[in-house]
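Visitor: Before we look at anything, could you show me the model and then lead me through it step by step?

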Amino acid sequence: MTRLLLGLGIVSAFSLSTWLQPRFAAMQTNPNATDSALGILMGESSRVFANHFLLKADAYFHSGTYPSVFDTVTNKEPSAIMGEAHADHDHDADQVHGKDEHDDHHEESIYGEPHDWIERLGHSFIPTLHTHLDKPGEAREILPWLKLSAELDPQKITTYVAASYWLRHDPKHADEAEPFLRQGLRANPDSYEILLELGKYYNETKKDPVRARNVWELAWAKWQKQKAADKKPDELTGAEILGELVKEARSRDDAHSQIQYLELLKDLGFDKAALQQQIDALKQRSK
Amino acid sequence: MNNIFAIASVVLKEMYRRKDFYVLFVLTALITLVMGSVNIFNDDKVVRYLKEICLLLIWVSSLVIAITTAARQIPAERESRTIFPLLAKPISRNQMILGKFVGCWIACALVLVVFYLFFGVISGAREHFWPVVPYMQALFFHWIFLGIVIALVLWGSLVFTAVSSNATICFIIVAGIMLLGGHLNQIAGRMNGISATITSAIYYIIPHLEFYDLRDWIIHDRGVVAWGPWLIASVYGLVYSAIFLGLACIAFRRKALTL
């Protein structure tokens with residue numbers, strides 16, 4: 001009798017689950033939605049908090065030294081953590097020339113001379129020296145805020161790119177970058193910035209240039225699509241995508257592709273004379 | 001002096017009979033532990049966000065305890081009419097105010113010791129190092145801050161009629177000073193005329209409570225705070241506590257206690 005009841009229970013539970021599953025799926029308005037519970041609960045205000053947490057990540061990167069709205073005349077998006085990400089390629093060039101402008105500000109107070117004794121005393125109790133979390137593994141401290149910012153505003157592309165940059169530069173966490181970028185891509189399928197970063201992940205971390213090239217080509221196609229739709233895509237990022245494609249073609253010694261990408265880069269209006277020189281040299285070589 | 005400590009001991013006993021501290025401590029511990037269990041890219045060494053959340057909860061909890069405890073001291077004595085036998089004994093009004101202040105301040109010290117011990121254990125368990133001296137400096141600064149707040153609230157309880165209005169106004173004043181107090185000179189610098197003068201005067205008159213907020217210092221492991229400025233700020237805080245206590249004593253002496 002017990003076995004019979006148990007069997008009946010299992011069969012009933014299975015039948016109920018098959019009956020409920022399609023109904024629950026139909027109740028979900030958008031099965032591919034990427035909004036978190038926190039984002040849904042907070043509504044539009046979540047975007048304000050997302051920006052606040054992005055600023056918090058930037059403040060953490062500078063070890064707590066960060067100007068308030070009263071100390072700064074502009075109230076723009078944080079540039080430092082992104083600056084590091086964008087300066088990725090420029091950094092090598094700077095080192096060749098023996099300079100690193102960002103490093104020039106290290107170990108300096110960002111607040112300047114105090115106006116009075118109260119301010120002078122107050123500066124003794126807040127971090128005022130401009131330092132970075134640049135020792136190995138230290139940058140992990142900014143990640144909770146970037147993750148929270150992405151939860152609150154999945155459409156904020158900066159968050160995914162910055163988090164990925166720091167993740168892939170930490171050997172222990174490099175593999176975490178891909179799922180996070182994919183999460184960003186699901187929320188922003190047309191983002192050429194995320195695709196550019198994903199390409200860098202495949203090229204630099206996974207050492208898979210073929211896959212990287214495919215991703216960058218997709219990024220360039222998305223960029224062009226936005227240009228055609230008059231959405232004013234960022235020209236600097238467009239140039240960076242092409243730059244990566246040129247470098248990748250150079251590593252394969254593919255002069256034809258290099259010329260093709262350099263022509264596109266020239267069309268963007270960056271240093272036309274120098275680019276033409278490179279194109280001519282490549283044409284000469286391939287003859 | 002004995003009279004002051006006798007009143008202070010009554011405040012302390014009342015404090016541990018009430019449930020405010022236990023509830024706030026359990027909430028702080030619970031939220032911190034839940035936040036600590038969040039998976040951040042599979043890295044269990046990320047600690048600064050946890051320190052930030054824990055310290056924020058400690059600051060909010062201690063402020064709530066200090067303001068609500070101090071705000072009800074004198075009004076409760078008046079409502080229950082125990083103030084009359086108290087003052088009929090050889091206790092002056094000044095001693096009563098001082099006794100209430102000392103009681104609240106010591107109660108806050110005990111609360112802070114428990115909170116900071118919890119904070120030290122949580123951060124130490126992740127970081128694997130215990131910067132004891134900076135933590136002690138932060139705890140002492142926090143205590144000085146609460147001393148100013150308690151003195152201000154005691155004065156407020158003699159100026160405002162209801163406990164709720166006093167507590168609300170004090171919360172707003174403290175939050176306002178913490179957020180804007182240190183920037184009033186910059187705001188005044190961008191203004192013209194009489195408004196600039198008034199803003200500037202407020203800047204120099206108010207107690208700069210933001211000095212005592214060492215959270216960023218502790219979160220970002222900036223080491224030991226220079227002892228010179230630390231000592232000056234401590235004396236500065238004690239002077240403001242004394243000023244507010246003096247004002248409370250004057251207000252209490254002038255106050256008619258008839259119901």
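Predicted model: local features only at pLDDT ≥ 70, side-chain atom pairs only at ≥ 80, totals over all residues.

Guide: Two residues are in contact if their C-beta atoms, placed from the backbone, lie within 7 Å. Residues are numbered from 1 along each chain as its sequence is written, and chains are lettered from A and ligands numbered from 1 in the order in which they are written.

Visitor: Among the contacts in chain A with a separation of 6 or more, what share comes from residues 24 or more positions apart?
Guide: Chain A has 14 helices and 0 strands, where helices (H or I, at least four residues) and strands (E, at least two) are DSSP runs numbered from the N terminus. Of the contacts in chain A with a separation of 6 or more, the share from residues 24 or more positions apart is 54%.

Visitor: How many of the residues of chain A count as buried, as a percentage?
Guide: A residue is buried if 20 or more other C-beta atoms lie within 10 Å of its own, exposed if 12 or fewer, and partly exposed in between, with C-beta atoms placed from the backbone. Of the 287 residues of chain A, the part that counts as buried is 31%.

Visitor: What ipTM does the predictor give the complex?
Guide: For chain B, the mean pLDDT is 91, and 99% of its residues reach 70 or more. For the complex, the predictor gives a pTM of 0.81 and an ipTM of 0.86.

Visitor: Which elements give two or more residues to the side of chain A that touches chain B?
Guide: Across the two chains, 24 residues of chain A are in contact with 27 residues of chain B. Two or more residues of this side of chain A come from each of helix 6 (117-122) and helix 7 (143-152) of chain A.

Visitor: And how many residues on that side of chain A are charged?
Guide: Ala, Val, Leu, Ile, Met, Phe, Trp, Tyr, Cys and Pro count as nonpolar, Asp, Glu, Lys and Arg as charged, and the others, Gly among them, as polar. On the side of chain A that touches chain B, 11 residues are nonpolar and 7 are polar, while the number of charged ones is 6.

Visitor: Is A:Lys207 buried or exposed?
Guide: A:Lys207 lies in the loop between helix 10 (192-205) and helix 11 (209-228) of chain A, and its phi is near 50 degrees, a positive value in a residue other than glycine. Most residues other than glycine have a negative phi. Because A:Lys207 has 9 other C-beta atoms within 10 Å, it is exposed.

Visitor: Is B:Phe41 buried or exposed?
Guide: B:Phe41 sits in the loop between helix 2 (20-36) and helix 3 of chain B, and its phi too is a positive value, near 50 degrees. With 21 other C-beta atoms within 10 Å, B:Phe41 is buried.

Visitor: At what angle do the axes of helix 3 and helix 7 of chain B cross?
Guide: Axes are lines fitted to C-alpha atoms, for helices over the stretch in contact, and angles run from 0 to 180 degrees between N-to-C directions. The axes of helix 3 (residues 48-79) and helix 7 (residues 163-180) of chain B come within 9 Å, and they cross at roughly 145 degrees.

Visitor: By class, how many residues of that contact between helix 3 and helix 7 of chain B are nonpolar?
Guide: Among the residues that make the contact are B:Leu63 and B:Ile67 of helix 3 of chain B and B:Cys170 and B:Phe171 of helix 7 of chain B. The contact has 2 polar residues and 1 charged residue, and its nonpolar residues number 9.

Visitor: How far apart are the end C-alpha atoms of helix 9 of chain B?
Guide: Of the 13 residues of helix 9 of chain B, 1 is buried, so this helix lies largely in the open. The expected span of a helix is 1.5 Å times one less than its number of residues, so helix 9 (residues 193-205) of chain B should span 18 Å, which agrees with the separation of its end C-alpha atoms, 19 Å.

Terms used. pLDDT = per-residue confidence, 0-100.
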